Amino acid sequence: MPRTIFCWRCNMDIPMLTEEEWSLVKPEGIIEEIKLYRETTGCSLAEASLKGWGSKALAAYERITGVKETNPNALLHHRLSLYGPTCQNCGKPLRTPKAEHCAACGAKWNAYGDGLRDQE
Ligand SMILES: [Zn+2]
Ligand SMILES: [Zn+2]
């Protein structure tokens, strides 16, 4: 099941994919294909998505999360493994799994766990 956490880039709560779900959506492959297509044709990202590029990944994302995303590039960072545990002080996810501070509230973390870390 995807987990909805705060997305730092979208600035809102977004369902993030687990590794298993990520492998079903496979956004990296799609992004590469779109890039190649755009390089060959010189068209814009909007034109490429009009032609249906990325729609497969977007449809898979929607099937899994129930959320309609329209930008295939946004899928690239909707992956749980990119984020750290949830800050127990403010509830936002740490920006990276290795973050030492919560970027939202400044709470300090240590890599060995001091009871602050979400043990999930
Ligand atoms: Zn996002
Ligand atoms: Zn925090």
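Me: How many helices and strands does the secondary structure of the chain come to?

Reply: The chain has five helices and two strands. Helices (H or I, at least four residues) and strands (E, at least two) are DSSP runs, numbered from the N terminus. This is a predicted model, in which local features need pLDDT of at least 70, side-chain atom pairs count only at pLDDT 80 or more, and totals for chains, interfaces and linings use all residues. Residues are numbered from 1 along each chain as its sequence is written, while chains are lettered from A and ligands numbered from 1 in the order in which they are written.

Me: What pattern does the chain follow along the sequence?

Reply: The pattern reads β-β-α-α-α-α-α.

Me: How do strand 1 and strand 2 run, parallel or antiparallel?

Reply: Strand 1 (residues 3-7) and strand 2 run antiparallel and are joined by five bridges. Two strands pair if DSSP finds at least two bridges between them. Phenylalanine 6, for instance, has aspartate 13 in strand 2 as its bridge partner.

Me: Which residue in that hairpin takes a positive phi?

Reply: Asparagine 11 does, with a phi near 60°, in the hairpin that has four residues between the strands.

Me: Next, helix 4. Which of its residues are buried?

Reply: The buried residues of helix 4 (residues 55-65) are Ala57, Leu58, Tyr61 and Thr65. They cover an arc of only 100° around the axis, so they are on the same side of helix 4. The arc is that of the directions from the helix axis to the C-beta atoms. A residue counts as buried if 20 or more other C-beta atoms lie within 10 Å of its own, exposed if 12 or fewer, and partly exposed in between, with C-beta atoms placed from the backbone.

Me: What do those buried residues pack against?

Reply: They pack against strand 2, helix 1, helix 2 (27-41) and helix 5 (72-75). Alanine 57, leaving aside residues up to four places away in sequence, touches Val25, Lys26, Pro27, Ile30, Pro72 and Leu75. Two residues are in contact if their C-beta atoms, placed from the backbone, lie within 7 Å.

Me: How many residues does the largest nonpolar core have?

Reply: The largest nonpolar core has 17 residues, and those with the most contacts inside it include Met16, Ala57 and Tyr61. Of the elements, helix 4 supplies the largest share of this core, three residues. A nonpolar core is a set of buried Ala, Val, Leu, Ile, Met, Phe, Trp, Tyr and Cys residues joined through C-beta atoms within 7 Å.

Me: Where does threonine 18 lie?

Reply: Threonine 18 lies in the loop between strand 2 (12-16) and helix 1 (19-25). Not counting residues up to four places away in sequence, threonine 18 touches Pro2 and Leu80.

Me: Why is threonine 18 classed as partly exposed?

Reply: Threonine 18 is partly exposed because 15 other C-beta atoms lie within 10 Å.

Me: Finally, which domains does the domain assignment give?

Reply: The assignment gives domain 1 (3-81) and domain 2 (83-120); such bounds come from an automatic or database domain assignment. Their centres, taken over C-alpha atoms, are separated by 26 Å. The contact takes five residues from domain 1 and five residues from domain 2.

Me: How large is the chain along its principal axes?

Reply: The C-alpha trace spans about 55 × 25 × 20 Å, and buried residues make up 22% of the 120 residues.
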